[in-house]
2 protein chains.
Amino acid sequence: MTEDPYSPALLPTGFVDLLPPEARTEAEGVAALVRVFASYGYDHVRPPLMEFEETLLSGSGLSLADQSFRVMDPETRRMMVLRPDITPQIARMAATRLQRLPRPLRLSYAGSCVVVLPSAADESGRQIMQAGIELIGPDSPQADAEVICVAAEALQQLDIPGVSFDLTMPSLIPALLEEAAVPEAERPALMRALDRKDAAAVSALGGRLSEILTALLQAAGPADRVLPLLARVSLPARARAALQRLTEVVAAIKAQSPDLRLTIDPVEFRGWKYHTGVCVTVFAQGCSEELGRGGRYLCNDDEPACGLTFRPDVLFRLVPNMPVMQRVYVAPGASTDVADALRGRGVAAINSLCAPAEGEAVYYAEARRLGCSHILLDASCIELV
Amino acid sequence: MTEDPYSPALLPTGFVDLLPPEARTEAEGVAALVRVFASYGYDHVRPPLMEFEETLLSGSGLSLADQSFRVMDPETRRMMVLRPDITPQIARMAATRLQRLPRPLRLSYAGSCVVVLPSAADESGRQIMQAGIELIGPDSPQADAEVICVAAEALQQLDIPGVSFDLTMPSLIPALLEEAAVPEAERPALMRALDRKDAAAVSALGGRLSEILTALLQAAGPADRVLPLLARVSLPARARAALQRLTEVVAAIKAQSPDLRLTIDPVEFRGWKYHTGVCVTVFAQGCSEELGRGGRYLCNDDEPACGLTFRPDVLFRLVPNMPVMQRVYVAPGASTDVADALRGRGVAAINSLCAPAEGEAVYYAEARRLGCSHILLDASCIELV
């Protein structure tokens, strides 16, 4: 213990104690998310907290290497990694023990990850709770759309208001620069300018792509407004195909969930590490942090897959805490049948630890001290006023 | 990925992937445990996976030092520990942020821990799931009994048959040896003999305690049979007081849960590290591993507390897996209202990813391939035969 028990340095930055109302809200909320996922056929799996480094940080996991804590396994002397992300684990399972299951393979998961340092944009710390789904096998706009629509349905069932899904295509800009043969040396400055949405710099650095890049930069916003603008931008073949896929995914989402708020940011690529297709970030009104993110990638380097991961630590700050359970103090000698019936109805019936001889005045005082609304004496449940 | 994807060395020893029926059974089972705990007034908290070494491994956590993985926090350059046990974290919370809450303080928790190497007796590996309760403040037989009775109620609600609670008093033997002034140098050999239940060695090494220790060694078994035997053993004051407390705890349990199967092993002390009073191990018929354990300790070195931790990874191997959800294939163009109604009734309604033009024969084949029992065409749910 440190000298000051209230010191914020009691726990390392980014690790927190979740206290009663929040901890229960999160636990029940995650269970509710997993049940929505299951109702769309996503089966629950639970990969471990640690894996061998060469397993977890291979393939799509490689980009996570600098965010991973490592320890040596004293048994094998091989390095193990504390998982910074669950998606690569699901990919590994799909490629090994679940390899023979029919595709599309739908899986869900929920658990904690740990990253070495939180990213600057991320207020949520280093222990990151994840709850999500992966759809493995098909590579189609319908599959991309399903993941987004299931996620939207889960948020609706949690009563999260003002949700929007921001779509992007992280491969669009790299494809464009490559097809236009922009020299490698010029790309980093241009990418930084695009990342900062700095129109002047993009125009100055873009060379013969200036016009196209400026048009893409300006075409960010609601899907309905932006897609017609994008359709008029003249793009080379691969960039055109990327944009075409994005358009098809929007159409597939609208067919399933016509009221979903969709925005598009065609030049957004930051934070997408192993993704190869349409990607999505989930936001809610009045919340600066993202509720979740996902997209298309290659599962274990060769099988098409897409997924979406929610951040329950952000999500459940947006819903009211679950109502505190009603508390009833069960005095010594009170009916255990009545107490059990109360428990069956969702009441916290707290057994007295007083000796039977202490008398009713003591029980009433204890009941009040423990925040109970009622006291159970014999078979009578009496309200405390 | 290793060359053989089915190689057992894909994951480090003691870390496993939990697959669909087991993962769902565990997740729902842990949620059910936490709900039983809450119905007795135990509020849910969620401490973090990692803490600073000097915080987590102080006080009652000190004995866990050799079982803990450590990594350096790059921000503070202080060492952090991956928790090997949750109970010391609850003790820390009770002594800091929850210090001002009224006592008795009842808390519950559920989460994963990691130990460096599994103990030889423990087949469950290095990632250990824990779900348990702590009752902080009172030091009374009623408090010891409450924790055991709540645990018993949770197991009953999970339909675990043949449960027994094995009570012990790890402080009894050390108190006896000290009161009888057994020389320090002789104690280790005697403790080992007691640990092995080696009556001949105990008799040979026990000196003037031989008779008492042999009597204690033989007095192991059902509480009803053993307590009268123990009452006849002549013990010095502190050992007598320890036994008296054990007797009172049995009486308090019987008053609440008369049918609970209680056994006593008065010389058992192995595996109790920071405990100071009556301890308990939970077993079930036909299962060699313990389902849980707990006991009395000093919370943060000074506040009386007792608790019990279940091992869900052991526990949920004893219950049948949750029934697999019924799966219905939702063909393109089928009624989304009917599909949503199915989902609301606990069915997995799996949306087709086929194009609408592919036709019914394709949908039927897909439905069968994905293990569906029914197919939803328009608004009709048709059984697959």
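## Asn351(A)

Asn351(A) sits in strand E14 of chain A, which covers residues 348-351. The model is predicted. The relative accessible area of Asn351(A) is 16%, so the residue counts as buried, the limit being under 20%.

Setting aside residues up to four places away in sequence, Asn351(A) touches partners in both chains. In chain A these are Val330(A) and Arg343(A). In chain B they are Tyr40(B), Arg106(B), Glu146(B) and Gln256(B). One chain A partner also pairs by side chain: Asn351(A) and Arg343(A) make a polar contact at 3.1 Å. Met50(A) is another matter. Its C-alpha atom is 40 Å from that of Asn351(A), and 301 residues separate the two along the chain.

## Chain A overall

Chain A has 385 residues, and 58% of them count as buried. Its secondary structure comprises 13 helices and 16 strands. Along the principal axes, the C-alpha atoms fill a box of roughly 90 × 55 × 50 Å.

What share of the contacts between residues at least 6 apart in sequence joins residues at least 24 apart? In chain A the share is 65%. The chain exposes about 15,800 Å². Carbon and sulfur atoms supply 55% of that area.

## The interface of chains A and B

The size of an interface is often given as the accessible area lost when the parts come together. Here chain A and chain B bury about 7,600 Å² between them. Carbon and sulfur atoms account for 60% of this buried area. In residue terms, 86 residues of chain A are in contact with 85 residues of chain B.

Polar links cross the interface too. There are 26 residue pairs in polar contact, both residues at pLDDT 80 or more. Helix H1 of chain A, residues 20-39, gives the most to the side of chain A that touches chain B, with nine residues. By class, that side of chain A has 47 nonpolar, 14 polar and 25 charged residues. The interface holds 10 salt bridges. One salt bridge pairs Arg35(A) with Glu28(B), with the closest N and O atoms 3.4 Å apart.

## Asp73(B)

Is Asp73(B) buried or exposed? Asp73(B) has 0% relative accessibility and therefore counts as buried. Its place is the loop of chain B between strand E3 (70-72) and strand E4 (79-82).

Asp73(B) has contacts in both chains, residues up to four places away in sequence not being counted. From chain A come Pro12(A) and Arg126(A). From chain B come Phe52(B), Arg78(B) and Met80(B).

## Salt bridges within the chains

Side chains of opposite charge can pair when their charged atoms come close. Over all chains, the count of salt bridges comes to 50. In chain A, Glu54(A) and Arg78(A) form one, with the closest N and O atoms 2.5 Å apart. Glu54(A) lies in helix H2 (residues 53-56) and Arg78(A) in the loop between strand E3 (70-72) and strand E4 (79-82), so the pair ties together parts of chain A that are 24 residues apart in sequence. Glu54(A) is partly exposed at 42% relative accessible area. Arg78(A) is also partly exposed, at 23%.

In chain B, the side chains of Arg92(B) and Glu51(B) meet in a salt bridge at 2.6 Å, N to O. Arg92(B) belongs to helix H3 (residues 87-95) and Glu51(B) to strand E2 (residues 50-52), so this pair ties together parts of chain B that are 41 residues apart. Both ends are buried: Arg92(B) has 1% relative accessibility, and Glu51(B) has 0%.

Lys197(B) and Asp265(B) form a salt bridge, with the closest N and O atoms 3.0 Å apart. The pair links distant parts of chain B, 68 residues apart. Lys197(B) is in the loop between helix H6 (187-195) and helix H7 (199-205). Asp265(B) is in the loop between strand E9 (261-264) and strand E10 (275-284). Lys197(B) is partly exposed, with a relative accessible area of 36%, whereas Asp265(B) counts as buried at 11%.

Note on methods: Residues numbered from 1 in each chain as written. Chains lettered and ligands numbered in written order. Predicted model: local features only at pLDDT ≥ 70, side-chain atom pairs only at ≥ 80, totals over all residues. Heavy atoms only, no water. Contact = heavy atoms within 4.5 Å. Buried area = accessible area lost by both parts, 1.4 Å probe. Salt bridge = Lys/Arg side-chain N within 4 Å of Asp/Glu carboxyl O. Polar contact = N/O pair within 3.5 Å; in protein donor to acceptor, adjacent residues only side chain to side chain. Helix = DSSP H or I, 4+ residues; strand = E, 2+ residues; numbered from the N terminus. Nonpolar A, V, L, I, M, F, W, Y, C, P; charged D, E, K, R; others polar. Buried < 20%, exposed > 50% of the residue type's maximum accessible area, 1.4 Å probe, protein only. Areas by Shrake-Rupley, 256 points an atom, 1.4 Å probe, with all protein chains shown as cover.
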